[in-house]
Amino acid sequence: EDLPDKHVDTGAGFERLVAYLENKTSVYDTDLFYPVIKRIEVLTGIPYKDAEDGMPHRVLADHIRTVTFAIADNVLPSNEGRGYVLRRLIRRALRYAQKLGMHEPVLYKLVKTVISIMSDYLEYLPERQEFIENLVKAEEESFLRTLDAGLIIFEQIVSNIKQQNNDEISGKEAFKLYDTYGFPLDLTEVMAREQFLTVDVEGFNSQLEKQKERSRQGRKKEEYTGARAPAGGEARLVSNENDRLGMARHHTATHLLHSALREVLGKHVSQSGSLVDIDRLRFDFLHYRALTKENLREVGDLINRKISDHLKVDIFPMSLKEAKEMGALSFFGEKYDEIVNVVKTGSFSMELCGGTHVNNTADIEKIKIISETAIAAGTRRIEAVCGKENIEKYEQKKKTELIIKIKGRLKHIESGIQQIKEYEPYIYEVDYSALEDRALADLEELENRSLQDGKLLDKRLAKIKNKQAGKYMKDLLNEIRSVNNRGFGIFCKMMDNYDMPMLRTLSDNIVQARDNVVIILAASKGDKGLFLVRIPGNKINLNAVDIINELTSLAGGGGGGRPDMAQAGGANPDKIPGALSKVEEFIIENS
C-alpha cells in the first residue's frame with residue numbers, strides 16, 4: 001500500500017547531519033565519536049589515524065556506541081535474535097581491540113564516555129551506566145576465556161590450508177570455531193581476509209542447519225515421549241542418550257546449586273536466569289556481592305556431598321497451589337499451568353520444573369564450579385560442569401589456556417631478569433619448567449605467580465634504575481647543553497629500557513638540580529616508544545605540548561599534557577633518535 005505521506009529520503013541521518021554542521025568529512029571526527037576515539041587512544045597508547053590503520057579505533061567506537069544504546073533499551077546478549085547480533089558486535093570489537101594490543105576487557109571502559117556524550121539528550125542513560133558496564137565486561141571476560149585458544153586453532157587451520165596451497169576455510173572448520181569457541185561467522189571472515197583467504201559460507205550454513213535439524217529431531221522425540229522442554233532456562237533438546245544424560249545431569253545439578261547457594265549465602269538468593277546444556281550449566285542469581293573463594297568451595301563441596309549421598313530424585317505432578325504451599329521454588333520468569341511438575345531431591349531441593357532429570361544424584365558423578373562473575377548490579381553468574389568426562393575435558397582445555405598465558409609472561413620475566421643481572425645477582429626462585437606435566441591447580445597457582453613475578457620484577461628494575469640514575473646524575477648533568485643567548489640549557493637523551501614512571505623520576509631529579517633546563521627524555525620498551533618533555537618554572541618561554549607534538553609528528557604516537565610537562569606513547573622506536581636530533585632545532589627556533 002502507498003504510504004499516507006510521501007517524502008524524499010536524502011540518507012542524511014543524524015551522524016551525517018552532525019558532520020555537515022561541524023564541517024567534518026567523517027562522522028568519526030565529530031563530537032559524537034571523537035571523544036570515544038580519544039579515550040581509546042588513552043587506554044591503548046596507540047594514536048588514531050584517519051586511514052586504514054585507524055580501522056580498529058573506528059570499529060571500537062562504533063560498536064560500543066551501538067552496544068551501549070541497545071543494552072540501555074534492555075537488549076541483552078544471547079544466542080538468538082537481536083541478542084545474538086549484540087553478542088557478535090561485542091566479539092567483533094574484541095578482535096579489533098587485540099589489534100591494538102589489548103588482551104583484557106576494555107570495551108566496558110568506553111561506556112562512560114559514550115554516555116557522557118549523549119546523556120543531555122537521552123537522560124535515562126546515566127542511571128543504566130553501571131548495569132551496561134557490568135554486562136559488557138561479563139561478555140568480554142566470557143569470550144576472552146576462549147578467544148586465545150580459538151586463535152591458536154585458527155592459526156593451525158590457516159597453516160594447514162597454506163601448506164595444501166588452498167585459499168578457503170571449509171564450512172566445517174568455520175563451524176567448529178563458531179560452535180566450540182564462540183567465533184561468529186563474520187569474525188572468522190574478517191580474520192580470513194587478513195590472511196587473503198575466503199570462507200565456505202554455504203558449507204558453514206549447511207553445518208548449522210544440520211545442528212538445527214538434530215535439535216528439531218530431538219524436540220520431536222521429546223514430544224512423542226511426553227516430556228516438555230526444560231523449564232527455566234535455555235536448553236538444546238537432544239535425542240542421543242549420552243547427550244540426554246548430560247542434559248539431565250546439568251539440569252538436576254542446577255537445582256542443587258540453587259539450594260546450595262541459598263544455604264551458604266542466605267535465603268535472599270533467587271534465580272534470575274539459567275542455561276542448561278549437555279556439557280555445562282550457567283546459573284544467574286540475585287546476590288549483592290562477589291562470592292569469596294571460601295564461599296565457592298563451600299557451595300561446591302555441599303553439592304558434591306549431596307551427589308555422594310545418592311539422593312533419590314522424585315518428579316510428581318500436583319496443582320500449582322499445592323506446590324507453592326509445599327514450599328517448592330519456581331524458576332525465574334516461568335509461566336506455569338494449574339498442574340505442574342515438582343522435582344524433589346531428597347529433602348535438599350524442591351522446585352517446579354518440567355525438564356529432564358536424573359533418577360539419583362549419584363548419576364551426576366561430580367560438579368566443578370569453573371567461574372563466578374558479575375553480570376549486572378546485584379546479579380551474579382556461576383558456570384559449572386558435571387560428570388567426570390566433562391570435567392576432564394574442561395581441565396585439559398583450561399590447562400592449555402594457562403600454559404599459553406604463562407609462557408607469554410615468561411618472556412617478559414626472563415627479559416626483566418637479564419636486565420637486573422646487569423646490575424646485581426638475581427636468583428630465579430620459581431620453577432616454571434615442565435608446564436605440560438603440571439596439575440591444573442599447580443598451573444593456576446603458577447599463572448597467578450607469573451603475573452606477580454612480572455610486577456615485582458618491574459618494580460625492582462625501576463628501583464635499580466632510579467638508584468643508578470642517582471649515582472651517575474653528575475655525569476648526566478654534564479650532558480646539559482647550553483643554548484647561546486637563550487638563558488637555558490637542553491637535556492635530550494634516550495634512556496634504554498625505561499618506562500614512563502622512571503622517566504618522570506629522572507626528570508624530577510634533574511629539575512631539583514637545575515631549574516633552567518628543557519628536558520626531553522625518550523625510551524623504548526618492546527615495540528612502543530615513549531616521550532617526556534619537562535619545562536620547569538616560568539623562566540623559559542616554551543610549551544611542552546608543542547614540543548611533544550613536534551616529536552610525535554616525527555616519530556609517530558600521540559599524547560598531550562600541560563605547558564610545563566607533557567608525554568606521549570606509541571612512537572616508532574626506530575624513529576626516536578632522528579626525532580630527538582631534530583627537536584633541538586625546533587626548540588631553538590621557537591624560544
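A polar contact is taken here as a pair of N or O atoms within 3.5 Å, where within protein one atom must be able to donate a hydrogen and the other to accept it, and where residues adjacent in sequence count only if both atoms are side-chain atoms. By that criterion, the side chains of D431 and S433 are joined by a polar contact of 2.6 Å.

The model is predicted, so local features need pLDDT of at least 70 and side-chain atom pairs count only at pLDDT 80 or more, while totals for chains, interfaces and linings use all residues. Residues are numbered from 1 along each chain as its sequence is written, and side-chain values use heavy atoms, with hydrogens and water left out.

D431 lies in the loop between α13 (388-421) and α14 (440-471), helices being DSSP runs of H or I with at least four residues and strands runs of E with at least two, numbered from the N terminus. Its relative accessibility of 47% makes D431 partly exposed, a class between buried (under 20% relative accessible area) and exposed (over 50%), computed with a 1.4 Å probe on protein chains only. Apart from neighbours within four places in sequence, D431 is in contact with R438 and L446, contact meaning heavy atoms within 4.5 Å. The C-alpha atoms of D431 and L446 are 8.9 Å apart, although 15 residues separate the two along the chain.

Helix α17 (residues 544-555) has 12 residues and should span 16 Å at 1.5 Å a residue, which agrees with the 16 Å between its end C-alpha atoms; the expected span is 1.5 Å times one less than the number of residues. At the start of α17, a side-chain oxygen of N543 comes to within 2.8 Å of the backbone nitrogen of V545.

Elsewhere, three strands form an open antiparallel sheet in the order β6-β7-β8, two strands being paired if DSSP finds at least two bridges between them. β6 (313-319) and β8 (349-352) stand at the edges with a single partner strand each, so one side of each has no neighbour in the sheet. Between β6 and β7 (residues 339-345) there are seven bridges, and F316 has V342 as its bridge partner in β7.
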